[in-house]
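Here are some short notes to read beside the model.

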Protein chains: 2
Amino acid sequence: MATLVSPSNYSPVEDAQTLRTAFKGWGSDDKTIIAILGHRNVHQRQEIRKAYEEIYEEDLIKRLESEISGDFEKAVYRWMLEPADRDAVLVNVAIKNGSKDLHVIAEIACVLSAEELLAVRRAYHNRYKHSLEEDVAANTTGHLRQLLVGLVSTYRYEGVEINAKLAQTEASILHETLKEKKGNYEEVIRVLATRSKTQLVATFNRYRDEHGISISKKLLDQASDDFHKVLHTAIRCINDPKKYYEKVLRNAIKKFGTDEDGLSRVVVTRAETDLKDIKELYYKRNSVHLEDDVAKETSGDYKKFILTLLGKQD
Amino acid sequence: MATLVSPSNYSPVEDAQTLRTAFKGWGSDDKTIIAILGHRNVHQRQEIRKAYEEIYEEDLIKRLESEISGDFEKAVYRWMLEPADRDAVLVNVAIKNGSKDLHVIAEIACVLSAEELLAVRRAYHNRYKHSLEEDVAANTTGHLRQLLVGLVSTYRYEGVEINAKLAQTEASILHETLKEKKGNYEEVIRVLATRSKTQLVATFNRYRDEHGISISKKLLDQASDDFHKVLHTAIRCINDPKKYYEKVLRNAIKKFGTDEDGLSRVVVTRAETDLKDIKELYYKRNSVHLEDDVAKETSGDYKKFILTLLGKQD
C-alpha cells in the first residue's frame, strides 16, 4: 500500500496559482510547495504541471529547480517526473556514476514488471536519444555488461507456471557457479535475465532447500566485485522487492552522513505503490519507525518533504 | 508497396459462409478458399475468422488445417495469423529447427521496428508461456547465444541522429574482428544489438568507404559457422531488408527442389507491406518476373495461393 495522502478534490489551476505565489519574492515559500506537491498523486502532478505551463508559459519543473536546491530540489524534481521518465533519469545517472551505482540499474530492471520496464525504455529513447541498453552496454564490459544488458532488455513472461525440474537444474547451475566463484557466468546470466520471476523464486527456494542458506546470503559473502554486487541486487529484487527496499532504507539511514540519494529514491519511487508495507517491514526489522529515523537523520525542507511522502500528517 | 489485392467492400459473414460451403463434401473447394483468403487484408481476415467462429462455433484456422495440407496448408495457416503472432510462430519453429534456421530469428528481429518486435515478444508470451529470449537462450550457447538474445531483446532507438565519429570507431571494431576471425565478438555483438539502425547503416557505409568492400560481402567469405551466418543475416536485414528478401526468394527458387518455407515466409510476411518493391528488385536482379519463376518452380494450390498473394490477377 501507498503512503501518499492526496485529496480526491483539487484544482490544478488553483494549485498552479498557489505555487506561482510561493515562488514570488526573495526565496520561495517551501512550506507551500511541500503542502501541495507532497499531497498530489502522479496524475494530479501532471495536471498541475500542464496547468502551470498553460497559464505562465513556463515549465514548472524548471522553475522548481531554480527556486529550491540540494537534496530537496533533487527529490522534488524526481517526484515531479512521471514514473517511467523518472526511472529513465535514475538509470542514466547510475550509468554515468558507474561502479558505485550499477546496482540501481539492476534494481529498476528487476523490480518493474515487463510493461513498466518497457515504458522506461521508451522514456529513455525520448529523453536521451539512445536506447537504454545501448548506454549500459557502451559503459560496461565483459560479464557485467552481459548481465546488465540482459536485465534491462528482458521482457519477462509473467504467467504463474512453475517448472519444478527446471528450478532444480538451475538452482544447481547457480550453486556451481557461486562455489567456484569464477564458474559458468554465462549460464547464470541466462537464468537471471530470461526466466520468469515466478520461476526464479522457485529456483531460489530450491537453492535454499538444498543448501540451507539463501542464495542472496551466500552471494553476500562474495559480493566484492561489481558483477557479484549487481547479481546480488538482481536476486534480491526478484525475490522480495519490499525486503530489498527496507534494506536500502536501513543502509541509507545508518550510513555515516546519510545516503540521501538512496533514501529519496526509495521514498519517491515507492510512495504511491508499496511504501506503507516497506515502512512496516522497517519497523519490524529495526524496532523504530522509519519516520522517526528519517526525522533524526535529515533536516530542513528535505526532511519535511520526505516525511510528507512517508504519510506523516501535518 | 504491397502486392495484396483486397476489396474495400466485403462481408465477413458472407465470406465465412462461402468458406463453410467450400469445406463441404469430400475434399475442399480450394479455388474458393484462395479466391477469398488470398484477397483479404489482415484486418479482414481477422474479421472473417471472428464471424466464422460466431456462426459455426469452430476455429476457422483449425478447420483450414484439417481441410488442406502440405505447403499450401502451411502458407495459409501463417497467412491467417496476425503478423506478430505469425512471427512468434516463425521464431519458435526456427528455435526448434536449430542451426539451419537460426538466421530466421535474426531476420525477424532485425527487419521489424522496435514496437513490432515487441509485439512479437508479447505474442510469444501468449502462445508459448515463455519469453522469446528465454527460449532462444535455452537453445543456444556462447557468442551465438549472446548475439541472438541481444538481437531479439533490443528496443532500438529510432531517431535519425548519426554520430559520425562513432560510426568510424565502430566500423573499425567490426573490421578488426572480421580480420582476425576470432576477435572481439563481444564488441561486435554490442554494436549490432544496441545501436540504432540509422547509426548502424552509417557504420556499414563507413566500413565500405574504408575497405572498398561491403561488410556483408566480407562476411560472406567467412560465413561458415552459425555465428557468422546469423551476423551476416543481421547486417543484411538492418542494411537493406528488401535486398535481403530478394536474395532469400532467389535462393529459395533456385535451390534444387525449391525451398517452400523460405518462399512462403517472404511472400506471406511481406505481401501487405513491401512485396511489390521486392518483386521489382527481383526482376532487376534476375531479368525474370518473380511470378514467372514461382509459376515454374511450384505447383497446385500452393502455386495458385502464392501467385495470388504476389498480386497476380485471376
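1. This is a predicted model. Start in chain B with the contact between two helices. From H6(B), the residues B:Asp87, B:Leu90, B:Val91, B:Ala94 and B:Ile95 take part. They meet B:Leu102, B:Val104, B:Ile105 and B:Ile108 of H7(B). By class, the residues of this contact are 8 nonpolar, no polar and 1 charged.

2. Now the geometry of that pair. Helix H6 of chain B covers residues 83-97, and helix H7 of chain B covers residues 102-111. They pack at an angle of about 150 degrees, and their axes lie 7 Å apart. Angles over 145 degrees count as roughly antiparallel, so H6(B) and H7(B) are roughly antiparallel to each other. Their crossing is left-handed.

3. Next, the chains. How many residues does each chain bring to the contact? Chain B gives 28 residues and chain A gives 28 residues. About 2500 Å² is buried between chain B and chain A, and carbon and sulfur atoms give 52% of that area. On the chain B side, B:Glu134, B:Tyr155 and B:Tyr157 lose the most area to chain A. Together they make up 25% of what that side buries.

4. How are the copies related?

5. Last, the surfaces used. Of the interface residues of chain B, 100% are also interface residues in chain A, so the copies meet through the same surface.

Conventions: Residues are numbered from 1 along each chain as its sequence is written. Chains are lettered from A and ligands numbered from 1 in the order in which they are written. This is a predicted model: local features need pLDDT of at least 70, side-chain atom pairs count only at pLDDT 80 or more; totals for chains, interfaces and linings use all residues. Side-chain values use heavy atoms; hydrogens and water are left out. Contact means heavy atoms within 4.5 Å. Axes are lines fitted to C-alpha atoms, for helices over the stretch in contact, and angles run from 0 to 180 degrees between N-to-C directions. Helices (H or I, at least four residues) and strands (E, at least two) are DSSP runs, numbered from the N terminus. Angles under 35 degrees count as roughly parallel, over 145 as roughly antiparallel, 65 to 115 as roughly perpendicular and the rest as oblique. A crossing is left-handed if the near helix is turned anticlockwise from the far one by less than a right angle, and right-handed if clockwise. Ala, Val, Leu, Ile, Met, Phe, Trp, Tyr, Cys and Pro count as nonpolar, Asp, Glu, Lys and Arg as charged, and the others, Gly among them, as polar. Buried area is the accessible area (1.4 Å probe) that two parts lose on being put together, summed over both.
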